[in-house]
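Subject: Structure for you to look through

Hello,

Here is the structure I said I would pass on. Please open it first, then read the notes below with it on screen.

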Amino acid sequence: MADQLTTPLDALHRELGGRMVDFAGWAMPVQYPSGIIKEHTQARERAALFDVSHMGQVSIEGPEAAAAIERLVPADIQGLAPGRARYTQLTNETGGMIDDLIITATGTGLFVVVNAGGREADLAHLEAHLPDHDVRLLADRALLALQGPAAASVLAAMAPEVAELAFMESRELTLSGLEVRVSRLGYTGEDGFEISVHADHAQKLARTLLANEQVAPAGLGARDSLRLEAGLCLYGHDIDATTSPVEAALTWTIGKRRRSEGGFPGAERILRELQDGPERRLVGLKPEGRAPAREGAGIFDEAEKPVGRITSGGFGPTVQAPVAMGYVENHLREPGTRLMIELRGKPVPAEVTRLPFVPHRYHR
Amino acid sequence: MARYFTKDHEWLDVTGDIATVGITDHAQEQLGDVVFVELPEPGREVAKGGEAAVVESVKAASDVYAPVSGKITESNSALEDNPAMVNEDAEGGAWFFKLELGDKGELEGLMDADAYAAFLETIE
């Protein structure tokens with residue numbers, strides 16, 4: 001692709017033997033020579049290093065930035081103490097989602113991380129709705145994710161204050177002589193960190209981390225299998241402009257105050273669904289046997305009536321079985337419900353399963 | 001015994017009227033970690049180029065096509081229990097199925113090892 005975007009770690013990915021693919025216009029490693037299963041296991045058992053520099057990092061400065069951005073998201077951002085982060089969604093007027101994102105209160109403003117696929121549109125959306133604020137894409141920042149049970153000790157050996165961070169806490173500190181922002185969160189279900197670092201220093205930091213014997217690189221393939229086992233939504237697949245946060249089982253992200261006050265796009269639908277229940281709901285599904293159910297597969301009830309569709313599915317390396325997520329009619333959402341998934345023209349029995357498939361191990 | 005290769009990255013060993021079919025090392029490497037294999041039932045008639053088996057990696061599902069026409073005589077059920085064998089021994093123990101050749105003339109369009117190696121050069 002002629003004008004494919006590359007991250008500051010591009011040369012390192014190629015040196016490590018990364019298999020580069022196009023992802024939302026970016027050249028990204030889907031895996032390294034070790035393969036997706038080993039990279040996945042690395043994050044579950046030790047620490048895996050991911051390049052997530054394709055995601056959009058945005059700063060929002062100006063008076064009352066938290067109150068201002070609440071006009072665009074259903075989360076309680078005004079109640080976010082400095083140094084704390086929250087997962088939420090940019091909702092649209094019909095109660096669907098423009099993107100999902102993490103918002104961190106920095107003390108002077110907000111630090112926002114959005115998906116690679118949405119960064120241009122999200123930036124335009126933020127700029128249009130926050131005209132009195134300085135909304136800036138931090139194009140000179142890279143983002144590394146160090147995920148897994150060994151991540152904390154690896155980073156704490158470089159900066160002891162990292163150990164003091166709890167899940168969803170974030171602070172600026174010096175790591176290996178580099179000014180970085182470290183946030184204790186991620187997309188794997190494991191304890192872990194995302195490190196925002198200047199692009200010029202990203203490769204140096206990545207090499208320092210990879211020199212630790214507990215750390216190995218992991219690509220987008222493992223990132224996807226890890227987040228699926230953790231029951232975390234992928235924008236454009238499990239959630240999109242038509243799905244509401246209530247349908248997507250993201251009710252927990254809607255602030256208590258926001259439920260009574262509203263004041264975010266699509267509040268009418270979202271608050272109604274909170275009250276009356278949605279028509280469909282995102283659930284976990286475990287198909288019988290070993291054949292993975294993939295995105296797009298139809299879901300049927302036991303009377304063979306179509307009741308929904310798989311939105312993410314694959315083989316869970318930790319679960320050692322196929323795992324999937326999809327929308328079903330709301331009355332079928334209870335764990336244990338027996339359904340059928342159509343795989344290559346054949347019905348395969350599946351059971352609605354509580355999410356996540358692999359328990360979260362966040363440091364609370 | 002002669003070994004043939006196809007542009008769909010399959011290999012077949014032919015002994016008498018029986019061909020043993022698998023996917024090439026290049027194919028398994030492109031697929032990545034294999035997690036599921038679906039094999040044809042013995043007795044099934046397959047046509048050259050038709051779907052014969054399915055192989056799935058963590059990321060995606062791929063069809064395995066019959067490189068020649070014939071009747072399935074045996075499938076390698078060890079792969080169903082241990083799909084990772086495909087990554088470990090694609091051109092040996094991880095064969096997919098055996099078939100009785102319907103038309104030996106169909107072998108003529110296939111590649112030998114050298115031709116397949118040259119073919120791989122053109123697509124890398």
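To begin with the two chains: 17 residues of chain A are in contact with 16 residues of chain B, where contact means heavy atoms within 4.5 Å. Together chain A and chain B bury about 1,400 Å², with 48% of that on carbon and sulfur atoms. Buried area here is the accessible area (1.4 Å probe) that two parts lose on being put together, summed over both. Three residues, Arg290(A), Arg294(A) and Arg344(A), supply 41% of what chain A buries against chain B, more than any other three residues.

Before going on, some ground rules. This is a predicted model, in which local features need pLDDT of at least 70 and side-chain atom pairs count only at pLDDT 80 or more, while totals for chains, interfaces and linings use all residues. Residues are numbered from 1 along each chain as its sequence is written, chains are lettered from A and ligands numbered from 1 in the order in which they are written, and side-chain values use heavy atoms, with hydrogens and water left out.

Next, a sheet in chain A. It is open and has 5 strands in the order E5-E6-E7-E4-E8, with antiparallel pairing. Strands (E, at least two residues) and helices (H or I, at least four) are DSSP runs, numbered from the N terminus, and two strands pair if DSSP finds at least two bridges between them. At the edges are E5 (85-91) and E8 (134-137) of chain A, each of which pairs on one side only. From one strand to the next the twist averages 25°. Axes are lines fitted to C-alpha atoms, for helices over the stretch in contact, and angles run from 0 to 180 degrees between N-to-C directions. Helix H4 (residues 119-129) of chain A packs on this sheet and touches E4 (56-61), E5, E6, E7 and E8 of chain A; its direction makes about 170° with that of E8(A). Within the sheet, E6 (residues 97-105) and E7 (residues 109-114) of chain A pair over 5 bridges, and Ile103(A) stands opposite Val112(A) in E7(A).

Elsewhere in chain A, helix H6 (residues 199-210) has 12 residues. Which residues of H6(A) are buried? Ala202(A), Leu205(A), Ala206(A) and Leu209(A) are. They cover an arc of only 105° around the axis, so they sit on the same side of H6(A); the arc is that of the directions from the helix axis to the C-beta atoms. An α-helix has 3.6 residues a turn, so residues three or four places apart point the same way. Buried means under 20% relative accessible area, exposed over 50%, and partly exposed in between (1.4 Å probe, protein chains only).

In chain B, Ala53(B) lies in strand E6 (residues 51-57). Ala53(B) is buried, at a relative accessible area of 5%.

Last, some backbone details in chain A. A cis peptide bond joins Leu355(A) and Pro356(A), with omega about 0°. Ala24(A) is not a glycine but has a positive phi of about 50°; Ala24(A) lies in the loop between E1 (19-23) and E2 (26-31) of chain A and is partly exposed, at 43% relative accessible area.

Regards

Note on methods:
Expected span 1.5 Å × (residues − 1).
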